[in-house]
Amino acid sequence: MTVPIACRPDETFVLNLGPQHPATHGVLRVKLTMDGEYIVKAEPVLGYIHRMHEKMAEAGNFAQFMPNTARMDYLHALAFNHGYALTVERAAGIEVPERAEYIRVITVELNRIASHLLWWAAFVLDLGGFTPLLYAFDDREIILDLLERVTGSRLTYCYFRFGGVYNDIDDEFIEGTLAFIKRLRSRMPRIYHDLVTHNIILRKRLEGIGIITPEQCRKYGATGPVLRGSGVSYDIRKNEPYSVYPEFDFEIPVYHECDSMARYMVRMDEMEQSMRIIEQALERLPEGPVKAKVPKILKPPAGDYYAAVETARGSFGCRLVCDGGKAPYRLKLRSPTFSNLSLFGEVAEGMLLADALGFMGSLDLVIPEIDR
Amino acid sequence: MSIAEDIRIALLDLFPEQAEREAKKRAAAEIAARTADEDNPEAVIEAAAAEMETMELQPDAQEESEDGGRKPGIVVTDYQSRGAHVDVFCNPDQVVEAATILDRNGFFLETISGVDWIKEDRLEVIYDYSISGSELCRVVVRTFISRSEPKIDTISEIFPGADWHERETHDFYGIEFVGHPCLEPLLLPEDADFHPLLKDFKP
């Protein structure tokens, strides 16, 4: 099926996918050189919503950059909050109270489920299934309501502070979260798996398509479900434990098939693992303050620091260079899908156009995070 | 031996002077342990072992030159406070060799960042490496290039993923990666002739 049809080289043509295309989820353009239905060369063109976050970081003080982090990966905004907070806390040597760490983990994992639900909905929509989107958005809505209760916003959260979180969680949030987990667990096998995962049409479009070898992942620096779908067990939460993750019992789903279906399965299984983490965290939630006493203007000592977190799409890292002033001298944001997308060109070669769209969906792209 | 120590020793190929210095120290420690064997064997061996450990794990004081700047070499950094295990400071023409060594040892490239040190009139290029599928180890490779003629060799042949990171760094700092296949603006507009992260950039 994927054997290219022999054509004269001059018979190729250029096809623009995007920048406005439903399957690119945002404004990504891919310049495709086509040989009939087959891709000869795929060149992603980025930068349509580039906002120069790294320059903005240098303009304000440390706290002023926090809202920007949520505007990169708007689907897993809390993880980006977390990554930036961790870096600055490492630089300034700030200790976070235990209750705040637990709340961070709970909200980040809830946000991860919301992110995976939206990916799932949009991914199945790309492949032509409309109904699953409505089911997933129904569930995701509950998470948004829960998070709105504690963070005050529905999408671009700015909930974390250096040394803790902005707001404590209440009983209603805890009850709502437990009820949500119960609901999603009961819906997962029937609606998510029976309707979609075991669907023969979906499987035919994903199995054996978009093979990414572990070596390719390494050469391109791919992380997250893309790497775990290629059989490498690498998750920052386990490999480079931060916050209170080591205290929880959870697994890292790994699939060895290296295809789009493997990446799909990794994300589906991760939702269950996130629910396990939230349950354990809520059960052991300690009492105490949710924010340490931290000066309003931070002046970390000169030097450079790195911290990474696991977001829904892979490893997000901040390299922070300080010169002893009240603003970051340089803040480099390592976003996961930037690296994940960079292997698209190599893998998509020789693929059918329709398969490439399914493959692109399986990478779970969030364009604002690539463009920054 | 930990992976951080393994890669540190592999990277010592880049710095024959430091390697020689360490080999001498190790030999001296061994001789001291052997000659004093008869008097009080245990204490001496312990002292030698302690010396070896400090040599391996403590940042090397000799790396600081007289004017306070750092000399090329490898230091072991404290992971808890810095977020990296091994910090390599090399000459600009050694980044490709460093990348080759790291590639051979199974590392992957996390990111490339530029830093504009306008007061010292130079640009810093920082390469962050990490490893998956084994014990945690983060390696930083850094180098300085002149601000007036920012040129450095590309590592995109070793790590194809570096292609975009280098294009991005070229966008923001105007650093020319010699040998890069396509150094066109990636995130900036296609006709951009400015480099916004330079400290003297005026919009």
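Chain B of this predicted model has a secondary structure of 6 helices and 7 strands. Chain A holds 15 helices and 8 strands.

**Chain B**

- Read from the N terminus, the elements of chain B follow the order α-α-α-β-α-β-α-β-β-β-β-α-β.
- Chain B has 203 residues, and 37% of them count as buried.
- Take the contacts in chain B between residues at least 6 apart in sequence: 52% of these join residues at least 24 apart.
- The average pLDDT of chain B is 79, and 83% of the residues score at least 70.
- Over residues 56-67 of chain B, pLDDT stays under 50. For this stretch the model has 12 contacts beyond four places in sequence.

**Chain A as a whole**

- Chain A has 372 residues, and a compact globule with that number would have a radius of gyration near 21 Å. The value for chain A is 21 Å, so it agrees with the globule rule.
- The C-alpha trace of chain A spans about 70 × 50 × 30 Å along its principal axes.
- Of the residues of chain A, 52% count as buried.
- Among contacts in chain A between residues at least 6 apart in sequence, those that join residues at least 24 apart make up 71%.

**Where the chains meet**

- The contact between the chains involves 30 residues of chain A and 26 residues of chain B.
- On the side of chain A that touches chain B, the elements giving two or more residues are α1 (53-59), α8 (214-220), β6 (303-311), β7 (314-322), β8 (330-334) and α12 (336-342).
- By class, that side of chain A has 11 nonpolar, 8 polar and 11 charged residues.
- A:K55 is found in helix α1 of chain A. Leaving aside neighbours within four places in sequence, A:K55 is in contact with B:P196 and B:L197.
- A:K55 counts as partly exposed because it has 14 C-beta neighbours inside 10 Å, and a buried residue would need 20 or more.
- The C-alpha atoms of A:K55 and A:T177 are separated by 38 Å, and the two residues are 122 apart along the chain.

**The largest nonpolar core**

- This core has 160 residues, of which B:V88, B:A98, B:V139 and B:V141 touch the most other members.
- Helix α4 (residues 98-126) of chain A supplies the largest share of the core, 17 residues.
- Not counting residues up to four places away in sequence, B:V139 touches B:I7, B:A84, B:H85, B:V86, B:V88, B:L102, B:F107 and B:Y129.

- A:S115 lies in helix α4 of chain A. With 28 other C-beta atoms within 10 Å, A:S115 is buried.
- Apart from residues up to four places away in sequence, A:S115 touches A:L75, A:H76 and A:A312.
- A:S115 and A:H82 are 33 residues apart along the chain, and their C-alpha atoms are separated by 15 Å.
- Helix α6 (residues 171-197) of chain A has a kink of about 55° at A:M188, shortly before the proline A:P189.
- Buried residues in α6(A) include A:F173, A:T177, A:L184, A:Y192 and A:V196.
- The buried residues of α6(A) pack against α4, α5 (131-151), α7 (200-206) and α11 of chain A.

- Most residues other than glycine have a negative phi.
- A:C258 is found in the loop between α10 (236-239) and α11 (260-284) of chain A.
- A:C258 counts as buried because it has 20 C-beta neighbours inside 10 Å, and the cut-off is 20 or more.
- A:D364 lies in the loop between α14 (353-362) and α15 (367-371) of chain A.
- A:D364 is buried, with 28 other C-beta atoms within 10 Å.

Terms used
Residues numbered from 1 in each chain as written. Chains lettered and ligands numbered in written order. Predicted model: local features only at pLDDT ≥ 70, side-chain atom pairs only at ≥ 80, totals over all residues. Helix = DSSP H or I, 4+ residues; strand = E, 2+ residues; numbered from the N terminus. Rg over C-alpha atoms; globule rule 2.2 N^0.38 Å. Buried ≥ 20, exposed ≤ 12 C-beta atoms within 10 Å, placed from the backbone. Contact = placed C-beta atoms within 7 Å. pLDDT = per-residue confidence, 0-100. Nonpolar A, V, L, I, M, F, W, Y, C, P; charged D, E, K, R; others polar. Core = buried A, V, L, I, M, F, W, Y, C linked by C-beta atoms within 7 Å. Bend = angle between axes of the 7 residues up to and from the residue.
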